[in-house]
Number of protein chains: 4
Amino acid sequence: MTAGVADPTSLQELVIANRILADQGVVDAFGHVSIRHPEAAGEYVISRSLGPELVTEADLQRFTLVGEQVGGDTRPAYAERAIHGAAYEARPEVMAVCHNHAPSVIPFTVTGAPLRPIFHMAAPIGTDIPVWDISDEFGDTDMLVRTMEQGRSLARTLGPKRVALMRGHGCVVAGRTLREVVMTCVYLEQNARLQLQAMPLGDVRYLSLGEVERTTSNLLDSLSSERAWNTWKARAGFRDG
Amino acid sequence: MTAGVADPTSLQELVIANRILADQGVVDAFGHVSIRHPEAAGEYVISRSLGPELVTEADLQRFTLVGEQVGGDTRPAYAERAIHGAAYEARPEVMAVCHNHAPSVIPFTVTGAPLRPIFHMAAPIGTDIPVWDISDEFGDTDMLVRTMEQGRSLARTLGPKRVALMRGHGCVVAGRTLREVVMTCVYLEQNARLQLQAMPLGDVRYLSLGEVERTTSNLLDSLSSERAWNTWKARAGFRDG
Amino acid sequence: MTAGVADPTSLQELVIANRILADQGVVDAFGHVSIRHPEAAGEYVISRSLGPELVTEADLQRFTLVGEQVGGDTRPAYAERAIHGAAYEARPEVMAVCHNHAPSVIPFTVTGAPLRPIFHMAAPIGTDIPVWDISDEFGDTDMLVRTMEQGRSLARTLGPKRVALMRGHGCVVAGRTLREVVMTCVYLEQNARLQLQAMPLGDVRYLSLGEVERTTSNLLDSLSSERAWNTWKARAGFRDG
Amino acid sequence: MTAGVADPTSLQELVIANRILADQGVVDAFGHVSIRHPEAAGEYVISRSLGPELVTEADLQRFTLVGEQVGGDTRPAYAERAIHGAAYEARPEVMAVCHNHAPSVIPFTVTGAPLRPIFHMAAPIGTDIPVWDISDEFGDTDMLVRTMEQGRSLARTLGPKRVALMRGHGCVVAGRTLREVVMTCVYLEQNARLQLQAMPLGDVRYLSLGEVERTTSNLLDSLSSERAWNTWKARAGFRDG
């Protein structure tokens, strides 16, 4: 029984999510993804401090929402786990969270240029993505979200949305399922790359609010999510099941 | 006898086309390619809902041109198969169709900047590529071509051409052979990428209409098509045949 | 005795050159590289019509400089072999030729923006790279160099240089050794990519003529060439020798 | 006892650093990384002239700070080893040095556009990166740092910093540990790529001086450095320890 979970399925999925995010270029040696504990809503599960592509079930740890370790695992934890805890604390419906430095997203965190959905696959990123600047409340820092106070500040900027950017740093993505979070992360990066290419060509027509709502609902609740997960899982080296 | 086809060659080629399109970056977990049924002109063959890189012969399904499944295979189908059916319906000479979200193409679907052949390998994309906007006729949707009515609208925009772009979504490519469609898809993506790079340098000289016609005829009817197919097939992991 | 060559070393190197050029992204399914026949200066050796990454010694063919096949090999040949023959014909010192569609080079063939050496590794491309436009002499064509007349026109534009661009098509690279040609091709593509990135930043300071001369001489005649060849050879899958 | 080192750990790490830098795209067939000799502060250890991805412990050589070979190994050495020697000579605290032609860095060496930290991972590159132009002191050269005089000129431009760019050539990175140097190299390239993308979007907000100082200190002295090294090491093919 790893991380105190009776049914190992959700833990296996979390390992797969780590590998997919690495394989798809969303995370490199840094970035992390968590799930709310399936049997204890006041806790979450996340890897110990480790590059996502190396994560196995044996690396998963369990934390209270304020970031205290549960279960006596003393291996070093991610310094920025407050990003996760604060999101779960503020949003009871959130069941998975990812923090990453997806490369194409960075330019949108430091220029004021708004990141908006340019094609249907990125609809889940939403039409009005906020940017959180750690220096607004905390002045000069090492840029990391190290305290619950900082995590809660970020969670306030995120509000009820799926995505918030972090100035000079990356982003946080929160969702109702792990697959929703993974899919949003992959297409957030891709949308940013396409938007960088499209903007010099002229005025960009983004998805309308109505299109975003309808498309999101379809992408996240349907066969699409399953198809993406299975394809990316195979590409990340998981060949069965 | 899979998908009701006596000679398996065309089905094997369709599987290879799926793999090539994934390996060449034309499709990711989404996008699909079909052939007109070789023995039943009123039907087409396409994979069940599955990432193209995972497709095998056992995943192929058979549909009437209006999208009704033939043969009792109850596994979920692609939601957007009307793109294929409507193209076959409108164009008797079309024997293969691909719908994809090739990344570099997207910026040309949302900015009004025309996509045009910048080098000879992309001549088959044609000199005047139309852009179909689903909202023109159907207002706010989930961006997917879900009905024959929508498919036929797209087919009207495609007209007699090989390529039509789809606003905020991707493109459709139709041709007389599966290899023609695959080759056009690969170089459509590459042409878009090169055009994005060239436009900031100054006025771009595109291929003339006469060059496009002569080059297309040569590329699609000659050794070139065979050479490309065999190289890409090997790269996609098919080592013999 | 393949292609009528007693010592197989040069043929093995030609095979390796094909693989390196594919692995380094200089050629895809198209493009070709040749050597002057080591024992018959009036002939050259080049693969039959085949994707470069698939070429083996058994695929090599032998041609007179005007493109007539020597030795009775009836397998289809590259349509554009006149590029090679005309370069060997015009330049007795040229011992190797490559024709390719290296992607980043294309924008410089259609915009008038001059391609110039931005860093030392690309010094061999030279400071004044000509662009040949097939339509100047031959009007609307299928863009291919199909005749010796066309090949000779291109060779005249190339003159005594190492590189000439071909409008809407690609380039030709000629040199005194096969390794010189391969190295020039790899860094021509890389230089083009870097120049595309640098130009929006402001005025670019290119290498001076004196720097180009000194650097070229060093790169092509020294350990550098050997180091590059061995590294790229290993990367292309050749692990010994 | 290779390169005269009793404890082989540091040599194994140097081999791994070579492979990581190649795998992460910082070096291609060219570029090199060294460590100060762990038992002889007046010497350094670096590979013989070889592509970094091919380096093994048997390829390591030992040099005095002025570049004279120690120990009788007569295999050809890197021509530009004065970059390393001069940095060790000028900076007693420097324990590792890398010279490379990381592609995205090149545009910043020839345009006057300053390279600055756009996100936290690149904080160690510093806020004021100097550019050294070999022609300022030495006129037209083959661009290589061939003499101690040239190496010392570069070291003066580097001063107490971690990074100096080299016009039309690449950069030098010096640090207190090998991991610091590798991490700085990887994120220098990534920062350059992101900055190239961000600049067209509008005014870029870079990290403040205070943020750079705090972030650098954290990245280089903490778990982060270990996490990155282990992830990149695995990606480069080292699967244990």
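Predicted model: local features only at pLDDT ≥ 70, side-chain atom pairs only at ≥ 80, totals over all residues.
Figure 1. On the side of chain A that touches chain B, the elements giving two or more residues are helix 6 (178-198), helix 7 (209-221) and helix 8 (223-235) of chain A. Helix 8 of chain A gives the most to this side, with nine residues. Three salt bridges are found across the interface of chain A and chain B. In one salt bridge the side chain of R235(A) meets that of E53(B), at 2.3 Å from N to O.

**Figure 2. Extent of the interface of chain A and chain B.** The contact involves 33 residues of chain A and 37 residues of chain B. Between them, chain A and chain B bury about 2800 Å², and 59% of this area is on carbon and sulfur atoms. H120(A), L201(A) and R227(A) account for 26% of the area that chain A buries against chain B, more than any other three residues.

**Figure 3. The interface of chain B and chain C.** Here 33 residues come from chain B and 37 residues from chain C. The area buried between chain B and chain C is about 2800 Å², with 59% of it on carbon and sulfur atoms. The residues of chain B that lose the most area to chain C are H120(B), L201(B) and R227(B), which together make up 26% of what that side buries. The count of residue pairs in polar contact between chain B and chain C is 14, both residues being at pLDDT 80 or more. Helix 6, helix 7 (209-221) and helix 8 of chain B are the elements that give two or more residues to the side of chain B that touches chain C. The largest share, nine residues, comes from helix 8 of chain B. Three salt bridges are counted between chain B and chain C. A salt bridge joins the side chains of E211(B) and R167(C), with 2.7 Å from N to O.

**Figure 4. Chain pairs without contact.** Chain A and chain C are joined by no contact, and their closest C-alpha atoms lie 11 Å apart. Chain B and chain D do not touch either. The nearest C-alpha atoms of chain B and chain D are 12 Å apart.

**Figure 5. Surroundings of G51(D).** G51(D) is placed in the loop between strand 2 (43-47) and strand 3 (60-64) of chain D. With a relative accessible area of 1%, G51(D) is buried. Leaving aside residues up to four places away in sequence, G51(D) touches R227(C), T231(C) and A29(D). A22(D) is 29 residues from G51(D) in sequence, and the C-alpha atoms of these two residues are 8.6 Å apart in space.

**Figure 6. The aromatic pair of Y187(B) and W232(B).** The whole structure holds 20 aromatic pairs over all chains. One of them is formed by Y187(B) and W232(B). The ring centres of this pair are 5.8 Å apart and the planes make an angle of 50 degrees, so the pair counts as tilted. Y187(B) lies in helix 6 (residues 178-198) of chain B and W232(B) in helix 8 (residues 223-235) of chain B, and therefore the pair ties together parts that are 45 residues apart in sequence. Both residues are buried: the relative accessible area is 1% for Y187(B) and 3% for W232(B).

**Figure 7. An aromatic cluster with residues of chain A and chain D.** F30(A), F119(D), Y187(D) and W232(D) form one aromatic cluster.

Figure 8. C185(B) is in no disulfide, and the nearest cysteine sulfur, that of C98(B), is 3.8 Å away. A disulfide needs sulfur atoms within 2.5 Å. C185(B) is buried, at 1% relative accessibility. In chain D, the cysteine sulfur closest to that of C98(D) belongs to C185(D); the distance is 3.8 Å, which is too far for a bond. C98(D) is buried, with a relative accessible area of 0%.

How values were computed: Residues numbered from 1 in each chain as written. Chains lettered and ligands numbered in written order. Heavy atoms only, no water. Buried < 20%, exposed > 50% of the residue type's maximum accessible area, 1.4 Å probe, protein only. Phe/Tyr/Trp six-rings, centres within 6.5 Å; stacked < 30°, edge-to-face > 60°. Helix = DSSP H or I, 4+ residues; strand = E, 2+ residues; numbered from the N terminus. Contact = heavy atoms within 4.5 Å. Buried area = accessible area lost by both parts, 1.4 Å probe. Salt bridge = Lys/Arg side-chain N within 4 Å of Asp/Glu carboxyl O. Polar contact = N/O pair within 3.5 Å; in protein donor to acceptor, adjacent residues only side chain to side chain.
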